[in-house]
Amino acid sequence: MIYFDNVSKVYSPTSIALEDVSFSIAPKEFVSIVGRSGAGKSTLLKLLLAEESPSSGSVFFESHNIHKLSRKELPFLRRKMGVVFQDYRLLPHRTAYENVAFALEAAGKSEDDIAHDVQQVLELVGLMDKAWHFPHELSGGEKQRAAIARALVVAPEVVIADEPTGNLDPMNTWEIVRLLEKINDLGTTVILATHDKEIINYLKRRVLTIEKGKLVRDEAEGRYVL
Amino acid sequence: MDRVTFGRIIKGGFVNFFRNGVVSLATVLVISLTMFMLGSVLVGGIFLNGVISNLEEKVDITAYFKLDTDERDILEVKSNLEKLPDVKGVVFVSRDEALNKFLERHKGDELYMKTIEIVGDNPFPASLEIQAVDPSRFEAISVFLESGRFQNLIDEKSPGIKNISYRLNQSVIDRLSVILRTIKLVGFGISLILALIALMVAYNTVRLAIYSSKDEISVMQLVGASRSFIRGPFLVEGVIHGVISALFTIVAFYPLLLWAGKRTAGIFGGIDIYGYYVSYIWQISFILLLVGIAIGVLSSALAMRRYLKV
């Protein structure tokens, strides 16, 4: 489903973010990407989202080389991916409900579909009672749940979470992790980048370990070893 | 683009406009200022043009006739003058008209009225006001009057000097005309530069407003919004900014021009700019609206290009 083929990303000769990384991810997998800050986790995800282009190598999503897609095709690819960031990145002038609805509006869904789907995902993440609050009126955990709802509402094939628990307290961290597990159980591929040892050891799923831009370990039931 | 999406884009523009209240207000004010500058350049140019052409019309030759001249003779001179290629027009002012003009001009002024009363008879000569095609042709016309067969009809200020009045003020008017043209040129240049600066400030204000949304724009792209779906609301917002600024400017010009019109009409006797503004209000509004929308939309479109790269 997702395939990285000898991908390198070089910002400058002294700053090599990724070096010859190859791996593939099958549908419905739950894959964690671990590594220290600056190891290249975020770069890898940015390449997958086509936010950045690789210096060499290619990234495939369902047989499409995503960096060869035109500007017009790119939004359609991104609607198959749900993204969650460490800093939530909600639209500040929209309520939680509108933030979730935005992804569907952009995809041209009808108002009835939007009303139905948004309510469903907000219930799934447990944010229905705060639906009409603006982001600045929500706590960190609530913001992240709104962001996950936004990622889920388009019924993506893969959810990409970049350090989603980085800014959260332990209680909220575990809620988010369980939510991601639930999403995976419902049949969606999940890619989770994190440096949280406890989460990795708890999940007991596939782990890709990145060190200084290189993929150093790929274990089916990995533990956090650095 | 289907209707639902179009509707969402329009709505998005309005929602952005109102939720970003302070930024919207600042943008509207700056665009208004820009349009105000542009409008002032336009109105100022029209006004100065009016003054100059008015002044040029004043540069005519007035030939005064002896008091006892027969009106028929004067009308003959008039028709002869009209045949000259240098002459644009001739207006006959009879003695009665001259008196009436004088009385009109000095209405309510005791001293003048008394003087006229004391003189008893009408002291004003009949005259011909001659407009030349070009001020440089005055000499030819006056030679025609002074040396032709009509020379004896024309009043003499002092023996040998005909009472032909352009000589009295031509040089003054010439100089004034040159000064006014220079003012017009320099003023126009300065206003144009100021207007350009204002335009750049407007663009930068819009750019800053959009810059503050650049994270939002990248998030919108990452959740799968197309470029036009993201850009649309910003352009709609630009239209709203433009329309409000135009209305603001149109209203602001009323008191300003009323004041300026009162001040300047007295000085030059030229066109009444307030009257001009009011009578052309629809055309001016249309132009201002167009300019406002153009500033708003183009600024947004240019500023957006930068942030739609992800």
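In chain B, β2(B) and β3 (residues 127-132) run antiparallel and are joined by six bridges; helices (H or I, at least four residues) and strands (E, at least two) are DSSP runs, numbered from the N terminus. Along that pairing, Val90(B) sits opposite Ile130(B) of β3(B). The model is predicted, so local features need pLDDT of at least 70 and side-chain atom pairs 80 or more, while totals for chains, interfaces and linings use all residues. Residues count from 1 along each chain as written, chains are lettered from A in the order written, and side-chain values use heavy atoms, without hydrogens and water.

Now zoom out to the open sheet: three strands in the order β1-β3-β2 (chain B), with antiparallel pairing (strands pair if DSSP finds at least two bridges between them). β1 (61-64) and β2 (87-93) of chain B are the edge strands, each with a single partner, so one side of each has no neighbour in the sheet.

Over to the partner chain. The contact (heavy atoms within 4.5 Å) takes 18 residues from chain B and 27 residues from chain A. In chain B, Arg8(B), Arg19(B) and Leu222(B) lose the most area to chain A, together 32% of what that side buries (buried area is the accessible area, 1.4 Å probe, that two parts lose on being put together, summed over both). Arg19(B) also meets Glu98(A) in a salt bridge (2.9 Å, N to O), meaning a side-chain nitrogen of Lys or Arg within 4 Å of a carboxyl oxygen of Asp or Glu. The rule finds two salt bridges across this interface.
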